[in-house]
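Work through the exercises below with the structure in view. Try each task before reading its solution.

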Amino acid sequence: MLGGDAVLDLTQWILRHVSEGMKIKNLLPGRPMPFLTHGSYRIRYELDGPERGPTYVLVNGLTQYAELWDAYRNALIARHFRVATFDLLGQGASDKPELFISQDDQVAALSLLIGELGDGPVFLGGISFGGLIALRYAIVHGKRLAGLVPMSCFAELPPQLLLIGNALRTGMILGGTSYLQDLLLPMNVSDQWLKPVLDKLDSVKRQGWLVNDVFALQNLMESFLDFQPLTPQLSSIGVPTMILNGEFDFLTPRALHETLRLGIPSSSLVIIPNAYHAFTLEKPALTADLLARFAEDVLAGRWRGNKAVWIAPEDPGGELVPFPAGYDHLRAIPVQRTTS
Amino acid sequence: MSEFFGPLDSDNGVPAHQQTRVAAFLISAHGALARQFAFALPMKLESAWQTELNAQFYRESEIVSLLLRATTWVPDLTVGYMAASWETAWFPRPVDGIADQSLALAVDLATRAHAVHAGIRPAALLPAEVYAHDPFAMALRRVEFESSRLLQAQIMLLKGPNLVPFRDAVVSALARRHAEVRKLWTEALEGVGITAPRRSDDKP
């Protein structure tokens, strides 16, 4: 079963770094830490893999940091991709603006990073908040991309997500980063992942707690205060787009991904079975395999978006199967689709 | 040099010389804020927002009281001259670009409090293996937790509508204050074998 190994890998990775008492800047001893400069701010990034290969650029979720893509770096480099990861402004080892962080600045930082990559094909993936930044980039600079992968993503803030976001922000203000982590963990991963670490949650949370500062997370969250839906602009994204959505993601549920599927012309929606919001953490082997296959198909001219809906396999290398014809993929029970 | 306290003593407690240095800095910073909130606090509250001044004053005082009692103190000759530079840094300095002196002083106090509450994370210095029920460790966790709550008042003021016309002045004053407080904190820690992450705008 896929989940088991992935769970074990991630848990061991987190616990190993925690037990070594290492902070982010020491996570990769001996490797230099390059920075990009955006105005007065520095953005920390990492670039690995073959210089001439197509590149995957991966964008963190709200409380994440670049090292959480390590499993992807290894898997994608093994498939001959170059991999670029970075800490958004306000995260990890990048600068943390004291009072305001605009999403435009995050897009500018991403542009700087992609500008470092030369002329080869670039595939851009992002999870949750990072998916939103990737969407914004694709709307403005889509011609630079060969493909786009929004994961656990959204283009609008409907009432449920708005209220959950507000509650998460209030929770963090009242209870600190640790309480925010407590709220997010059960939304992000499955019981299967949580059960073996229930008695060591403090250790699991420690690295994220060390890396994240309340004021910086608050600034990231408050970058949504003037948020305008991206939906009207989705049709301008001309690149092949694979939208990934966890089967049980109740933070950004299927309907939010449906907005992307309907709005982006050359898109497909792929549902990850038995997955929650942070399936990139829980199922890295499967997700990395899907990313690689998508890019390989695009580069080989095999990709057909067609706004199709697929179900991903349980294991890497397995077959994607079409969502059963005639049934409504927006429902949690097998309801026949009605034409409207 | 490490980014955490240590090596820990035989009871997994923080060494006394590190406790002394860190507590002295925090008492200086939070004590200065307590004094300045006390000066700003009227005997009779006239506006709703002044209730927050009252809260800030008492919580800063509580932090000072807590650290005085939870710390294992040892002589630290360096603290004498360091404290002089700390106390000098806390002097009020009206923010440039705001003509109204009382507002400029209020913004200065808010930027300093923001820098202390947001930029100083004493609990992040505790290694994972520290004795969880050590009073000093518990005190640092409480200081950091309370700081993140006290910070909200500074965020509301500095991001608030009254300061929109002065946004550039506020943002640059806040960045300067953060860099200044971070530099003092870094120097204080380095003297007892702890290295704090530097930022691009930190002066060497």
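Two strands pair if DSSP finds at least two bridges between them. The model used here is a predicted one.

**Exercise 1. The sheet of chain A**

Find the order of the strands in the open sheet of chain A, and name its edge strands.

Solution. 
- Step 1: The open sheet has 10 strands, and its pairing is mixed.
- Step 2: The order in chain A is S1-S2-S4-S3-S5-S6-S7-S8-S9-S10.
- Step 3: Strand S1 (35-38) and strand S10 (321-322) of chain A are the edges, since each pairs on one side only.

Strands of a sheet pair through backbone hydrogen bonds, either parallel or antiparallel.

**Exercise 2. Strand S9 and its partners**

In which sense does S8 of chain A pair with S9 of chain A, and over how many bridges? In which sense do S9(A) and S10(A) run?

Solution. 
- Step 1: Take S8 (residues 267-272) and S9 (residues 308-311) of chain A. Their pairing is parallel, over four bridges.
- Step 2: Locate partners. A:Ser268 has A:Ala308 of S9(A) as its bridge partner. A:Ile311 in S9(A) stands opposite A:Ile271.
- Step 3: Turn to S10(A). S9(A) and S10(A) run antiparallel and are joined by two bridges. Here A:Pro322 of S10(A) stands opposite A:Trp310.

**Exercise 3. Strand S4 of chain A**

How many residues of S4(A) are buried? Which residues of S4(A) lie on each side?

Solution. 
- Step 1: Recall the cut-off. A residue is buried if 20 or more other C-beta atoms lie within 10 Å of its own.
- Step 2: Count. Five of the five residues of S4(A) are buried, so this strand is largely enclosed by the rest of the structure.
- Step 3: Sort by face. In a regular strand the side chains alternate between the two faces of the sheet. A:Arg82, A:Ala84 and A:Phe86 are on one side of S4(A), and A:Val83 and A:Thr85 are on the other. Both faces are covered.
- Step 4: S2(A) runs antiparallel to S4(A), with four bridges between them. There A:Glu46 has A:Thr85 as its bridge partner. S3(A) pairs with S4(A) in the parallel sense, also over four bridges. A:Ala84 of S4(A) stands opposite A:Val57.

**Exercise 4. A helix across the strands**

Which strands does helix H4 of chain A lie across?

Solution. 
- Step 1: Find helix H4 (residues 129-141) of chain A.
- Step 2: List the strands. H4(A) lies across S3, S5 and strand S6 (147-151) of chain A.
- Step 3: Read the angle. H4(A) runs at about 145 degrees to S5(A).

**Exercise 5. Two helix pairs in chain B**

How do H3(B) and H6(B) cross, and which residues make the contact?

Solution. 
- Step 1: Take helix H3 (residues 77-89) and helix H6 (residues 167-190) of chain B. Their axes come within 11 Å and cross at roughly 165 degrees.
- Step 2: Apply the cut-off. Angles over 145 degrees count as roughly antiparallel, and H3(B) and H6(B) are therefore roughly antiparallel to each other. Their crossing is left-handed.
- Step 3: Name the residues. H3(B) brings B:Met82, B:Ser85, B:Trp86 and B:Ala89, while H6(B) brings B:Glu180, B:Leu184 and B:Ala188.
- Step 4: Sort the contact of H3(B) with H6(B). Five residues are nonpolar, one is polar and one is charged.

Now treat H4(B) and H5(B) likewise. How many of their contact residues are polar?

Solution. 
- Step 1: Helix H4 (residues 101-119) and helix H5 (residues 135-159) of chain B have axes that come within 9 Å and cross at roughly 145 degrees. This crossing of H4(B) and H5(B) is left-handed.
- Step 2: Among the residues that meet are B:His114 and B:His117 in H4(B) and B:Gln154 in H5(B).
- Step 3: The contact of H4(B) with H5(B) has seven nonpolar, five polar and no charged residues.

**Exercise 6. Backbone exceptions**

Where do A:Ser152 and B:Asn12 lie, and are they buried or partly exposed?

Solution. 
- Step 1: Start from the rule. Most residues other than glycine have a negative phi, and most peptide bonds are trans.
- Step 2: Phi of A:Ser152 is positive, near 45 degrees. A:Ser152 lies in the loop between S6 and helix H5 (159-188) of chain A. A:Ser152 counts as buried because it has 29 C-beta neighbours inside 10 Å.
- Step 3: Phi of B:Asn12 is positive too, near 60 degrees. B:Asn12 is in the segment before H1 of chain B. With 14 C-beta neighbours inside 10 Å, B:Asn12 counts as partly exposed.
- Step 4: B:Gly6 and B:Pro7 are joined by a cis peptide bond, with omega about -5 degrees. B:Pro7 is in the segment before helix H1 (16-40) of chain B.

Methods. Residues are numbered from 1 along each chain as its sequence is written. Chains are lettered from A and ligands numbered from 1 in the order in which they are written. This is a predicted model: local features need pLDDT of at least 70, side-chain atom pairs count only at pLDDT 80 or more; totals for chains, interfaces and linings use all residues. Two residues are in contact if their C-beta atoms, placed from the backbone, lie within 7 Å. Axes are lines fitted to C-alpha atoms, for helices over the stretch in contact, and angles run from 0 to 180 degrees between N-to-C directions. Angles under 35 degrees count as roughly parallel, over 145 as roughly antiparallel, 65 to 115 as roughly perpendicular and the rest as oblique. A crossing is left-handed if the near helix is turned anticlockwise from the far one by less than a right angle, and right-handed if clockwise. Ala, Val, Leu, Ile, Met, Phe, Trp, Tyr, Cys and Pro count as nonpolar, Asp, Glu, Lys and Arg as charged, and the others, Gly among them, as polar. A residue is buried if 20 or more other C-beta atoms lie within 10 Å of its own, exposed if 12 or fewer, and partly exposed in between; C-beta atoms are placed from the backbone.
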